[in-house]
Amino acid sequence: MPQQSFKKSNLRLSLLFLGSVLILGLISTTYSQSNLPKFSPPVLITSAGQSAEVQLAAVIAKRAGVDATLVKMATPDNLGENKTLILVLGASLKGLGAAGLDMNEEINRVKTLLAACESRNIPIICLHLGGQSRRGELSDKIINLFLPQADLALVVRSGNQDELFTKICQTNNIPLILLDRPSQAVVNFKEIFQLNSPLP
Amino acid sequence: MILLKAMKKLFLIGLSLYLSLTPLSGHNQSPADRHQPHDFQASKAMVVAAHPLAVKAGVEILRQGGNAIDAAIATAAALNAAEPFASGIGGGGFMVIYLAQEKKVTVINFRERAPAAAQPTMFHLAGRLQPKWRRTHGLAVAVPGALAGWNYALQKYGTLSLQKVFQPAIKIAETGFPVSSTFSSINKDEYDKLLEMDGENSCYLNQGFPFEPGDLFRNPALAKTLRLVAKKGIKFFYKGELAQKIVQAVQKKGGIMTLEDLASYQPLEVKPLRGTYKDYEIWTIPLPGSGGLHIIQLLSIFENLPLKKWGYLSPNYIHYFAEALRFIFADRARYLGDPEFIKIPVAQLISKKYAQKLIAKINPKKVAESYPSTDFSPPRHSNETTGNTTHLCVVDEQGNIVSLTQSINHFFGSGIVPEGTGFLLNNHMDDFSRNPNSPNAPGSRRHPLSSMGPLILFHQGKPFLVLGSPGGTRIFSSLTQIILNIVEFGLGLDEAIEAPRFFSYSLKGEVRPLFVEKRIPASVLDKLQQMGHKISLRQAYDKYFGGAQGILILPAGQGLRGGADSRRDGFGGGY
């Protein structure tokens, strides 16, 4: 009997501890999320490297209720009235081939676009949603070139195993959100675009 | 409730992992580094394929007393469930069968056919080619042949029923399995297409997003389809409820396939194509599968060149290989198509004399300025294929062999899934030429030209190597390299498969880059550049070059060795 009450009290203590940890974790997450920069729609979504993940970004935006337009090969003309640029990082030979571009042309296009964003004070959110399989020589070139210009980065964790994103973001003082899977970004989009509920 | 669901999910993942990792024999565990060459071993019978669960399906059927044909069809069906992005009942293919007792080789052509209403300008609108219609559109879908071909093979050469050999595939589709990084990366690459053609609720997406590595992939709709086909026979697919669903899905996306197209589909049993390399004999598929013909051409060229002296992956070897491919592509564009409809100078193309002519065209020091086709007589055309396919090999205890390549063309095919069926329809109409004047132009009920080349290599009259690969137009280049790696450069089977690959071609007589896996030493690439090759570096192990599977049959009593490509999820097993 005494042994049983000892077990019960231990169980209570453990539950109390676990509960506290969960609540503290929740508070700290909320705190860190509330510190995230905020962005305004409408949004232009484009690719840097023509990987298929650009389409993922469009679906994430749709599910979060963000007013967004996808233009895979956007130029400054597409910026129009948009107030935020989402740049999806990741090179795909298949995607570049389908777009009829080589890497240099793609890099020049994105450079021109980012320069236009800077002159018009349009903030940039960089996404890397392809994980480990969307790393490699070409993708890394794009990440190193364009990530430093971001105001916020959302990255699928498996693509950051060598902490490349962490290092670039720390060096350039860019808030970084690490995701376990791309769909988690829906919640982050709602937060940074200050949307309470998704569109029906 | 949530906890129960999570526990169920964990259980299913665990079960699938258990199923996929259960040893199939004492020597069949893959090494930790997937790219490290590893020969699977068996003493009597073996299956190699592009997914462990498909291999398990084939071995299970062999152990139950099925022969190589039964096991091949079980494996082919299981690939529909385990590697659905590469092949399935919505596609087609070819198989080479060796019957040990009769010492007979035969070929079953279950390649898709064009619908009856197909015509040369079907992909043109107001005189302009619409490339999208060839790949992501109802017009891209050719009449599937897989089920008819599997059923034909089983009825004529197998010993078990469709119902029996489909059981492992049904189980895989029902239970599911954890998605590999290969599956996940291909799923991400084709996300656009799946969203457009099948929507966010596609069974090939995870709640509207691509599958991540480790996610459980189940396809209950496919399980139901396979179960119904197993019960009702293939007429359910070609003439029944499924036929209606296929036609509805295709026509909804702008296609022209009819119920009559499906009802009239017949596979063909044809004579194999035979060639030689030194004291080896190659038995492979004839046209419209062009891979076999090109492998024979390439081997006939290399028969006359000092490969051993030049050395493995030497600049000379790669230079001659690339140049030979470029000349071969010129003739391919001019002559090849469906032999049921056009006359093709096959005997001349695979002759030793032709090989000598091609060698004479190659400048040993530099890249040619142009690649004119050889003059045999018929008209010109151009052709371009990119394909993603799958290959499996089976050897049974009696020595019967199947070498089977099947496909839905591009990964995830056309992206069209007939409602509630769980299977993808091919986009093999894209294998027809873009040029309406080509002998390989689309036409009523024609087979599009294929690059597949499943083969059996014989040495001194006995089966020596069973081999095949996916990879579009890289198929015959990759398979020839594997054969030469083994017979000339002395590599083991899987070493030969994992070895760095290269590829080139010509288009309208003009040189195209030399595509190479970046493991080829920089010093070799420098020399090739000096010869005039423009190098295009691909990944170290790139799916672009295919995913070959092979079985090496050792001399009497020494057993079997299996090689399975780590560029995909290749695996082998046996007993």
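Q: At what angle do the axes of helix α16 and helix α21 of chain B cross?
A: In this predicted model, α16 (residues 315-335) and α21 (residues 522-530) of chain B cross at roughly 50°, and their axes come within 9 Å. Axes are lines fitted to C-alpha atoms over the stretch in contact, with angles from 0 to 180 degrees between N-to-C directions. Helices are DSSP runs of H or I with at least four residues, strands runs of E with at least two, numbered from the N terminus.

Q: Now the two chains: how many residues of chain B are in contact with chain A?
A: There are 12 in chain B, in contact with 13 residues of chain A.

Q: Which element of chain B gives the most to that side?
A: That is α8(B), with five residues. Both α8 (181-189) and α9 (191-198) of chain B supply at least two residues each.

Q: And what is the secondary structure of chain A?
A: Chain A has seven helices and six strands, in the order α-β-α-β-β-α-α-β-α-β-α-β-α from the N terminus.

Q: How are residues and chains labelled?
A: Residues are numbered from 1 along each chain as written, and chains are lettered from A and ligands numbered from 1 in written order. Local features need pLDDT of at least 70 and side-chain atom pairs 80 or more, while totals for chains, interfaces and linings use all residues.

Technical notes. Contact = placed C-beta atoms within 7 Å.
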